[in-house]
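Colleague: Could you show me how to read contacts that involve aromatic rings? I would like the general idea and then the case at hand.

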Amino acid sequence: MKILAIETSCDETAVAVVSAKKVLSNCVYSQIKHHKKYGGVVPEVASRLHAESIHLMIKEALGKAGCSFNELEAIAVTQGPGLEGALLIGITVAKTLGKVLSIPVIPVNHLHGHIYSAFLGDSLPAFPFICLIVSGGHTHLYHVTGPFESICIGKTMDDAVGEAFDKVSRYLGLGYPGGPLIEKAAKEGDKTAYHFPRAVKHQEFAFSFSGLKTAVIQKINSQTERSEAFVSDIAASFQYAACDILSYKALLACETYQSNTLVVCGGVSANQFLREIIQEDGQKKSIKDIFPPFAYCTDNAAMIGIAAAYKLENPSYSPPLRFEVKASLPL
Ligand code: KG4
Ligand code: ZN
């Protein structure tokens, strides 16, 4: 079954074609250059840019997949969570295409998309497993008990970890989005140069990153000169503190729920240092980690298409006749 998938929840206009749980094309138009000067995503600008570029992305995705409109059997679209106006563009286009082509439209939770991005690699996660979603808006731990069945067992009490990467990056003058820039700077730095707090270590599965962010900013402010070496050491020490606590709590959740599989997904899962620390710590506890392939870590439409394919696999699933944007849709 050929599915056209659309994802417009934030600042990526993404369209993909998936078939038989394989990605035929995955096209992402990143709006970063338009938001960069503001230091973050401007919702109105994001909506306008989605509206301007979505038809081009659909054309590109169909072209790359060698697929025509008439061959499509379903449309998948992100319903939420995300920016309301941005989501509305994708949903309106998806509903229109569904009507014109007389094919079903499948709403997908963006977080299910991230979870199912881990099913795009060589090694498929087996249920039940523990899932750590780490992105610009989420730092959540789930006990995933079956397909589209999960229980949230912990989350951040304040900032999401991706947000902390973005804020520290901005403070260091590295730019936006911060994750990849911090990771790059950290490669030249010493992760033990400064010891930053691992917050709420003793509160089982809760996370907190605002204290870490403040401690890092205070350290930056205490220095009058920002040499390249200082910036790299701060980046490396911050990244170490953030990833260390993520690894510690996610693996603790695996032990508590007796799961030998840990799935890590969302934009921050693109971080190589996070992958290494989780792999190293996990090996000591015989816990296997599964990360999505790099291209599917940050927001993309292939993950929305693949989640829809898994939904359709269930014979008792029928696409809703009506659905609306849900900007704060929980899992
Ligand atoms: O999943 P995503 O693309 O969008 C949301 O759903 O939020 O995640 C974006 C977040 C941003 O905060 C970005 O800085 C972070 O993921 N990110 C990274 C890396 N690549 C993206 N954080 C750390 N290391 C990276 N390599
Ligand atoms: Zn996301």
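Modeller: Gladly! Let's begin with charges: a charge sits over a ring if NZ of Lys or CZ of Arg is within 6 Å of the ring centre and within 35 degrees of the ring normal. Keep in mind that this is a predicted model.

Colleague: Which ring has Lys191 over its face?

Modeller: That is Tyr240, with Lys191 at 5.0 Å from the ring centre. Likewise, Lys311 lies over the face of Phe148, at 5.7 Å from the ring centre. Phe148 also belongs to a cluster that ring pairs build together with Tyr116, Phe119, Phe127, Phe129 and Tyr310.

Colleague: And ring pairs themselves: how many aromatic pairs are there?

Modeller: Rings pair if their centres lie within 6.5 Å, and planes over 60 degrees apart count as edge-to-face. The count comes to 13 aromatic pairs. One of them is edge-to-face, Phe165 with Phe238, at 5.0 Å centre to centre and 70° between the planes. Phe165 lies in helix α5 and Phe238 in helix α8, so this pair ties together parts that are 73 residues apart in sequence.

Colleague: Are Phe165 and Phe238 buried or exposed?

Modeller: Both Phe165 and Phe238 are buried. Now take Tyr194 and Phe230, an edge-to-face pair at 6.1 Å centre to centre, with 80° between the planes. Tyr194 sits in the loop between α6 and α7, Phe230 in helix α8, 36 residues apart.

Colleague: Why does Tyr194 count as partly exposed?

Modeller: Because its relative accessibility is 21%, and buried means under 20%. Phe230, at 5% relative accessibility, counts as buried.

Methods
Residues numbered from 1 in each chain as written. Chains lettered and ligands numbered in written order. Predicted model: local features only at pLDDT ≥ 70, side-chain atom pairs only at ≥ 80, totals over all residues. Heavy atoms only, no water. Phe/Tyr/Trp six-rings, centres within 6.5 Å; stacked < 30°, edge-to-face > 60°. Helix = DSSP H or I, 4+ residues; strand = E, 2+ residues; numbered from the N terminus. Buried < 20%, exposed > 50% of the residue type's maximum accessible area, 1.4 Å probe, protein only.
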